[in-house]
Amino acid sequence: MKAQLKDIISKSILTSGVGQLDDFSHSLNPYAGCTFACSYCYVRQLPISLYREEEWGTWVDIKSNAAELLRRDLLKARNKGPVTIFMASSTDPYQPLEHETKLTRSLLEVMLEVPPDFLHVQTRSPLVKRDIDLLKKFGDKVRVSMTIETDKEDIRKAFAPTAPPIPARLNALKEIREAGITTQASISPLLPCSREFPQKLRPIADRITIDDFWMGDGSGGKRTERLGIYEIYKETGMEKWYNPTAYKVVLNMMKKQIGNEVEVMLSKDGFTPVDPDRKPAIGENLTFF
């Protein structure tokens, strides 16, 4: 089904960081809606989706004046204190239509003109590679976080059939890191994976963050439960993974196979901005659990 696309004029583009993102001063969403339509997306249970007639994943609003607004809002925000931005919290900034609109790229260009103190780019799309030239210019003020919730393609297809393939995401993160940009692999939400998962992430991620439905959906797992995600676990024979303690299995795997080579963090702590006064030494373990 072809998504319904609509250009809209927004009144603002920066939103104050709250809840799981309260360590950031602002969140930034170039679009409203997301055609990746992941079955477990917590945004399905937020007002932006619940009060819309169309099904989540079938529509996207394009904030066509986003770049103009961002330039204005960034100048205002910088006058009030440090500006740390999470892009994006309720949409993917590199979903397929970004190929044509280049809206997210235009926002990066604005942020190079009026730099924030830190920018966290959250995506599951290999398209982010296109903007390596711009991302490199942010230096140590940017982190590209790739959602890699599993290393098993059959699991990915069951839970997020229209999202980019896992191998493409792994290759994209590798290329970004080789370009000298700080990378993060976000196992968020954690889905059933193989014992080899840590070894696949070790050479491509400066940091690995593990999150699950119970820690990360903002409601202790209740939003996810309302989405009927457990049925997909049953269909794939993976019921044992639908458990608030399953993350500990993967965490132990990470500790045993990676050790101190890569930062391994948990849930909200793994999405915090970089502290400019806290520079970890190479190989230092910043595990907070």
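1. The largest cavity is lined by Leu190, Asp212, Phe213, Trp214, Tyr233, Trp241, Asn243 and Ala246, where a cavity is a set of points on a 1 Å grid over the protein atoms alone at which a 1.4 Å probe fits but cannot get out, and lining residues have an atom within 4 Å of a point. Its volume is about 40 Å³, a volume being the space filled by probe spheres set on the points, with grid points joined across faces, edges and corners. The structure holds one cavity of 30 Å³ or more.

2. This is a predicted model, in which local features need pLDDT of at least 70 and side-chain atom pairs count only at pLDDT 80 or more, while totals for chains, interfaces and linings use all residues. Residues are numbered from 1 along each chain as its sequence is written, and side-chain values use heavy atoms, with hydrogens and water left out.

3. By class, the cavity lining has six nonpolar, one polar and one charged residues; Ala, Val, Leu, Ile, Met, Phe, Trp, Tyr, Cys and Pro count as nonpolar, Asp, Glu, Lys and Arg as charged, and the others, Gly among them, as polar.

4. The largest pocket holds about 1,100 Å³ of space, a pocket being an open set of points with protein on both sides within 12 Å along at least five of seven lines. Its lining comprises 48 residues, of which Tyr42, Val43, Ala88, Ser89 and Ser90 lie nearest its centre. Strand E2 (14–16) and helix H9 (213–216) are among the elements that give two or more residues to this lining, and E2 provides the largest share, three residues. Helices (H or I, at least four residues) and strands (E, at least two) are DSSP runs, numbered from the N terminus.

5. In helix H2 (residues 66–78), the 13 residues should span 18 Å at 1.5 Å a residue, and the end C-alpha atoms are 18 Å apart, which agrees; the expected span is 1.5 Å times one less than the number of residues. The buried residues of H2 are Ala66, Ala67, Leu69, Leu70, Asp73, Leu74 and Ala77, buried meaning under 20% relative accessible area with a 1.4 Å probe and protein chains only. These residues cover an arc of only 145° around the axis, which puts them on the same side of H2, the arc being that of the directions from the helix axis to the C-beta atoms.

6. Thr209 lies in strand E10 (residues 207–210) and counts as buried because its relative accessibility is 0%. Apart from neighbours within four places in sequence, Thr209 has contacts that include Gln184, Ile187, Met265 and Phe271, contact meaning heavy atoms within 4.5 Å.

Definitions and conventions
Buried means under 20% relative accessible area, exposed over 50%, partly exposed in between (1.4 Å probe, protein chains only).
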